[in-house]
Amino acid sequence: MSPEDDLAAKAEKIRRLGRSPWVFPVNSGGCNGCDIEIVDTITPYFDAERFGVRVAPSAKQADILLVTGPVTRQSLKALMNAYEATPEPKLVVAVGNCACGGGICHDSFTVMGGVDAVIKPDAYVPGCPPRPEALLYGLLLALGKAEQKVRRSEFKEEGIDENRAAV
Amino acid sequence: MSSILKLLRLGIRKGRVTLRYPAERTPTPEGLRGRPVLDFDKCIGCGACAKMCPPNALTVEEKENVWTLRLYYGRCIMCGLCEEVCPVDAYRFSDEFELASATRSDLEVELKLLRVQCKGCGRYFTTKRVLEDAAAEYSELAGGYAGEFKDMIYLCPDCRRVKWSESLADAYREARHES
């Protein structure tokens, strides 16, 4: 099962839930930039509520966790508590560079280096911070309503012998 | 009650402000730094961008005859330093900002270039494209020493230093002999 199929299956589960997906932002030691963008996304200008996305008052009422920050050691317990409190089926969206791969503080001894070090996120939303549109797009991708646009690209110069490189 | 009427009047006067984002693409400001796109044909493999990159989104791995550059968009802060430092303008900042992805590997770019051996000691020291670029750029500047320069360019920095010192010592000896 590919990760995209997995994502689609989870989104289908949330759709069958029969109600709007509510989000709960969790700041795991970020600089607050991404949180401000999340607040921006729920304003009438970008209006995430068109897709039923509302900010839940507690993780217990949420369907999607929006995790920001590089997961510091101090916030790890709080993040895991929020994750465990969220009822199934749940989606985890890594918002911002810090959550996607540690970001600017990836090599610090106080951080776990991104959400994927502790929880497997269902969608990555890169950006430092991501634009509100990018965040909205990431939410739609997580809900299976948008197509993914970026693909892995590789290039290999002619004459490269992989077996020789491994020696 | 009057405050609600005030708000209503404001709302009616202002009209709809919500963007139709996913249906219509919102116009991006000019000069927006979105996703950096690496031109694989232009890149010569000098590694300046990887040295400059503040969050280490660009990493270089040198292994025998293969030089690998990896770019992970999940860490790129779109600062534009790679574009600034690139000697061949291989980076271009597009206005794409919708980078959300379901997997980590979709956010990666991998470029593999061939490394060359030093003609003196035989160790791998730089990429083939760097040497080609240097040869094209400096063959004019070298002038009368073009022949000598051609030999020098295929040597690793250590061998080049040794050879240069030897040629200097020879020249000094000759000059002393003449006087």
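Predicted model: local features only at pLDDT ≥ 70, side-chain atom pairs only at ≥ 80, totals over all residues.
**Exercise 1. Across the chain boundary**

Task: Determine which strand of chain A pairs with β5(B), and in which sense, parallel or antiparallel.

Solution, step by step:

1. Identify the strand. Strand β6 (residues 153-156) of chain A pairs with β5(B) in the parallel sense, over 4 bridges.
2. Name a bridge. A:Glu154 has B:Glu110 as its bridge partner in β5(B).
3. Widen the view to the whole contact. Chain B contributes 39 residues and chain A contributes 46 residues.
4. Ask which elements supply the chain B side. Those giving two or more residues are β3 (66-72) and β5 of chain B. The largest share, 7 residues, comes from β5(B).
5. Sort that side by class. The residues of chain B that touch chain A split into 22 nonpolar, 8 polar and 9 charged.
6. Check the predictor's view of the assembly. The complex receives an ipTM of 0.84 and a pTM of 0.83.

**Exercise 2. Two domains in chain B**

Task: Locate the domains of chain B and describe the contact between them.

Solution, step by step:

1. Take the bounds. The assignment gives domain 1 (28-117) and domain 2 (119-179).
2. Count the contact residues. Domain 1 of chain B provides 11 residues and domain 2 of chain B provides 10 residues.
3. Find the main contributor on the domain 1 side. Strand β5 (residues 108-117) of chain B gives the largest share, 5 residues.
4. Classify the domain 1 side. It has 6 nonpolar, 3 polar and 2 charged residues.

**Exercise 3. The build of the two chains**

Task: Describe the fold pattern, extent and burial of chain B and of chain A.

Solution, step by step:

1. Count elements. Chain B has 6 helices and 6 strands, and chain A has 6 helices and 6 strands.
2. Read their order. Chain B follows α-β-α-β-β-α-β-β-β-α-α-α, whereas chain A follows α-β-α-β-β-α-β-α-β-α-β-α.
3. Look at the extents along the principal axes. The C-alpha atoms of chain B fill a box of roughly 105 × 35 × 25 Å, while the C-alpha trace of chain A spans about 55 × 35 × 30 Å.
4. With 179 residues, a compact globule would have a radius of gyration near 16 Å, but chain B has 27 Å.
5. Buried residues are 25% of the 179 residues in chain B and 43% of the 167 residues in chain A.
6. Turn to sequence separation. Among contacts with a separation of 6 or more, residues 24 or more positions apart account for 65% in chain B and 79% in chain A.
7. Finish with confidence. The mean pLDDT of chain B is 86, and 96% of its residues reach 70 or more.

**Exercise 4. An enclosed helix in chain A**

Task: Explain why helix α5 (residues 132-142) of chain A is described as largely enclosed.

Solution, step by step:

1. Count the buried residues. In α5(A), 10 of the 11 residues are buried, so this helix is largely enclosed by the rest of the structure.
2. Name some of them. The buried residues include A:Pro132, A:Leu136, A:Tyr137, A:Gly138 and A:Ala142.
3. See what follows the helix. After α5(A) comes A:Gly144, with a positive phi near 75 degrees.

Technical notes. Residues numbered from 1 in each chain as written. Chains lettered and ligands numbered in written order. pLDDT = per-residue confidence, 0-100. Domains from an automatic or database assignment. Contact = placed C-beta atoms within 7 Å. Nonpolar A, V, L, I, M, F, W, Y, C, P; charged D, E, K, R; others polar. Buried ≥ 20, exposed ≤ 12 C-beta atoms within 10 Å, placed from the backbone. Rg over C-alpha atoms; globule rule 2.2 N^0.38 Å. Pairing = 2+ DSSP bridges.
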